[in-house]
Amino acid sequence: MGTVEPQVATASDAQQSQEIDGFHLVIEALKLNGINTIYGLPGIPITDLARLAQANGMRVISFRNEVNAGNAAAIAGYLTGKPGICLTVSAPGFLNGLVALANATTNCWPMILISGSSEREIVDLQQGDYEEMDQLAIAKPLCKAAFRVLHAEDIGVGIARAIRAACSGRPGGVYLDLPARLFPQTLPEEVGRSTLIKVVDPAPAQIPAPEAVKRALDLLKSAKKPLIILGKGASYARADEEIRKLIEKTGIPYLPMSMAKGLLPDVHEQSAAAARSFVLPNSDVVMLIGARLNWLLSHGKGKTWGASSPKEWGKQKFIQIDISPTEMDSNVRIDAPVVGDIKSCVTELLKGIDANWPKPPQEWLDAIKERKSKNIAKMAELLSQDPRPMNFHSALNVVRDIVKANPDAIFVNEGANALDFARAIVDMYKPRKRIDVGTWGVMGIGMGFSVAAAVETGERVIAVCGDSAFGFSAQEVETICRYNLPVCIVVFNNNGVYRGTDVNQGGGPDPAVTAFVKDARYEKLMEAFGGVGVYATTPAELRKGMEEALKSGKPTLINAIIDESAGTESGRITHPNPPPGGKK
Ligand code: ADP
Ligand code: TPW
């Protein structure tokens with residue numbers, strides 16, 4: 001391998017002489033592996049790769065900024081289980097895409113960032129090539145794996161390795177560096193095609209050890225106050241039926257993490273979501289399925305878990321099902337680790353759960369039920385109010401109804417208050433329908449996720465975004481219009497980050513750091529590109545706008561005017577901004 005000299009040839013020369021070039025080998029290698037969509041942004045040296053991909057039947061979605069193309073690829077990976085592809089130009093385009101690649105890796109989603117790059121000889125001697133950058137070295141620490149292909153005959157291996165690295169074990173982001181000089185290299189057509197690899201079983205099942213399964217079952221059976229927590233790894237694993245059976249056969253209450261909402265319908269009677277702050281500190285045995293004990297679960301200790309001092313840590317016993325063995329004991333002791341893929345693990349657990357399985361003590365179930373009813377009644381009271389201007393609750397009450405009436409639609413959600421309240425208020429009814437800011441709480445996923453959700457699923461998309469969050473990817477409204485995607489964006493406009501009421505504490509003429517232009521007309525952005533813009537100041541206007549958008553499938557942006565004083569700092573996050581003055 002590695003002996004073919006680079007040739008100076010164009011794509012069309014190669015075809016005439018029964019040769020195949022690097023461009024076509026990359027495209028054929030992707031297609032051979034069932035990858036038919038590329039999210040990217042063209043430019044040197046990958047413009048022709050994108051053109052030829054389109055010419056050869058791939059769907060190529062061109063964005064206005066690579067960050068959004070990258071986010072689209074990342075969520076395409078989550079939604080399909082196949083790596084989402086993002087294609088970028090060298091250096092600056094690559095760096096934009098890298099943000100999303102790092103985010104995909106953090107969230108355990110399969111994605112491949114393919115970037116063109118400058119010539120190795122010049123980059124390594126730092127002689128100042130066009131968009132020079134040692135991209136492979138920069139990508140490596142930020143993703144799961146990184147590869148470079150220098151010779152056309154290695155393209156098949158490069159893409160196969162990238163697919164395997166992205167999908168197998170704990171999924172993640174992979175960087176694939178394709179220098180400009182690779183693309184025009186040619187090989188005899190037959191030789192070239194023979195080097196391509198169709199990856200067999202890219203995400204092999206990982207069966208858990210029988211003793212690990214037994215340990216977990218024994219512990220679960222002994223519980224007096226058991227709880228199951230479902231994370232987005234459980235949604236990703238597509239073990240929907242097995243998980244439903246596990247929950248219903250054991251009768252154990254469960255909590256869905258944000259993107260696991262809908263894995264079972266949120267209205268399921270065993271859902272303890274409305275009693276979260278009761279079940280976490282009071283449970284005795286907790287089974288985590290595809291959820292990490294990171295900040296989103298307060299690291300499994302502290303006040304949230306009823307264990308304020310280190311002495312009390314481990315008050316709960318934990319069972320954890322995860323494909324990554326090193327996830328175990330990352331925050332607190334895991335008493336029964338079950339390492340394997342979720343489908344295999346839950347299937348094995350189900351074998352030990354028969355009709356004689358003891359239901360959780362009624363006292364525990366009643367206590368949860370009581371808490372739930374109280375909190376649901378409190379929420380219903382808030383949702384029934386109809387203030388002017390709208391607040392988060394009255395606007396989300398409309399969104400909640402619309403999502404209920406359109407359970408197949410994908411719900412994209414970002415912001416602080418717009419996120420936290422929507423998570424609590426908007427019920428999901430089917431698996432993998434809610435996609436949001438994920439593990440990092442990253443703003444700016446809105447439009448990239450919306451585009452990919454529409455492209456990959458063919459369903460309607462509802463995106464509820466805070467006005468700050470929306471601004472990060474707002475330029476992709478043009479992309480949504482260009483591809484005529486059925487996306488209904490609802491911007492919760494409260495004139496700023498968190499809220500719009502802050503004032504400059506120095507008293508100068510500049511606005512406060514969190515304040516935006518008052519009463520900005522975001523809907524005109526959509527109208528500028530031929531979509532439908534709606535200005536909504538009442539729930540009735542919001543409802544009408546959303547209903548029409550879902551009916552017509554036309555790109556729509558609803559500027560929903562929210563009371564600028566309604567939001568709280570950082571939403572309801574458990575990690576507030578550190579306060580000034582050294583106070584704890
Ligand atoms: P959440 O944010 O919803 O709590 P996390 O992203 O923290 O979820 O956790 C997802 C976990 O799921 C990761 O630890 C990952 O290793 C695991 N995971 C992903 N896919 C699978 C799978 N197919 N089988 C087992 N574990 C998986
Ligand atoms: C990439 C920090 C967290 S939440 C937020 C920012 C800027 C915006 C909140 O205001 P928004 O929502 O969207 O108007 P709402 O409903 O509260 O009014 N940069 C990145 N990610 C994060 N998380 C931030 C900054 C942040």
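This is a predicted model: local features need pLDDT of at least 70, side-chain atom pairs count only at pLDDT 80 or more; totals for chains, interfaces and linings use all residues.
View 1. Helices (H or I, at least four residues) and strands (E, at least two) are DSSP runs, numbered from the N terminus.

**View 2. Polar contacts of ligand 2**. A polar contact is a pair of N or O atoms within 3.5 Å. A polar side-chain atom of N417 is 2.8 Å from a ligand 2 oxygen atom. From the backbone, a polar atom of M443 lies 3.2 Å from a nitrogen atom of ligand 2, and an N or O atom of G496 is 3.1 Å from an oxygen atom of the ligand. On its own, ligand 2 has 590 Å² of accessible area (Shrake-Rupley method, 1.4 Å probe), of which the protein covers 75%.

**View 3. The shell around ligand 2**. Of the 17 residues around the ligand (a heavy atom within 4 Å), N417, A418, G441, D467 and A469 come nearest. Helices α17 and α19 (467-473) each give two or more residues to this shell, and α19 has the largest share, four residues.

Residues are numbered from 1 along each chain as its sequence is written, with chains lettered from A and ligands numbered from 1 in the order in which they are written. Local features need pLDDT of at least 70, and side-chain atom pairs count only at pLDDT 80 or more, whereas totals for chains, interfaces and linings use all residues; side-chain values use heavy atoms, leaving out hydrogens and water.

Definitions and conventions:
A polar contact is a pair of N or O atoms within 3.5 Å; within protein, one must be able to donate a hydrogen and the other to accept it, and residues adjacent in sequence count only if both atoms are side-chain atoms.
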